[in-house]
Amino acid sequence: MTTVTARSGGLTPLRERLPGSIVSAATWFWRGGVAAQVLTLAIVIGIFAVGTGGKYLSWSNIQVILSLAAIPAIFAIGLHPTIVPGGIDLSVQGVASLVAVFVGLLLKNQYNAHDVGFWIIPLCMLIGAVAGAVNGLLNTALRIPSFIASLGMGWILYGLAVYMGKAVNVPLLDTRIGKFTSATLWGVPLIAIAVVVFTSIVQVIEDRTRLGRYMYAIGGDEVIAKQAGVNVGMTKVALFTVAGAVYGLASVLLTCRLGIATSRMGLTLLFPTVTAVAVGGVALTGGIGGAKNAALGALIVTALNDGLILMHVSPYIQQAVNGVVLIGAVALTIDRKKLGFIK
């Protein structure tokens, strides 16, 4: 076989003719596990751009999509570290509701003068972290499946939130965090920029630190990871703790954006969060996916729902579409070799 090279006067491979930076970017794109998600997003944009006569591509609508996708992306980023190792965390609703109640108690409102200011963020992240640590301990120490442990914890936290909050809507008077969630920088929603930075930091941690390597090792094969010296139990507890802390952060931002603290806030969060993670390409069987996948999944789901609204599709049909998307995403990402039996 004759190899064509530059010296022989033939055409050099495209890879050799491109600048190194472009080659690196292309390599990252195809090997980074986001190519399918970017293609899916492009298809969604194309369909609704045609279906709405171009209105979908207006800058004002793009701003809406970026702004609305930001907080769901944080929730999805929080959930995915529990799925990559092969588990799942269904306590997001309970954490969000309890955090909302604490925001109503600790930020200035018409019922009291308490105002801890920006300290509400680390305080609520701590609440989420404690809930996550309990989830992790239930799963590892008591060997309760993460599905049941986290689902039960979610309802416990929700019940506690309703008891503490008395199902009262508390309008917030301290609007500093709320203003941040609606501010723009050069026409781009500031919270969307913050989420891009946050996603990048989390992805680097997953790619470059021991915790991240252990997370993928456990998701790939927990038995082999344990034989290799990975402390599986401690790693899982740490990942659930991180997940809870990120839920706490997202819940503070969502409560302040709404401007009302209510214990019912978390009731509608679980399904879109799980859908975003699955659509982003995080395999529910573990070992595949990262923060960038979760964030892209949230963007895709938000872009899809925004397009359906612009096309005046019935809300009930929108729910059905989201259900189909979830089933399709899981079908495409699940590793059936790990399951043995489908029950």
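Biologist: How many cavities of 30 Å³ or more are there?

Modeller: This is a predicted model, where local features need pLDDT of at least 70, side-chain atom pairs count only at pLDDT 80 or more, and totals for chains, interfaces and linings use all residues. Residues are numbered from 1 along each chain as its sequence is written, and side-chain values use heavy atoms, without hydrogens and water. On a 1 Å grid over the protein atoms alone, a cavity is a set of points where a 1.4 Å probe fits but cannot get out, a pocket is an open set with protein on both sides within 12 Å along at least five of seven lines, and lining residues have an atom within 4 Å of a point. By this rule, the cavities of 30 Å³ or more number two.

Biologist: Which helix gives the most to the lining of the largest cavity?

Modeller: Helices are DSSP runs (H or I, at least four residues), numbered from the N terminus. α5 (92-106) and α7 (146-165) each supply at least two lining residues of the largest cavity. The top contributor, with four residues, is α7.

Biologist: What is the volume of the largest pocket?

Modeller: Its lining has 22 residues, and L68, P72, P272, T302 and N305 are the closest to the centre of the largest pocket. A volume is the space filled by probe spheres set on the points, which are joined across faces, edges and corners. For the largest pocket that space is about 640 Å³.
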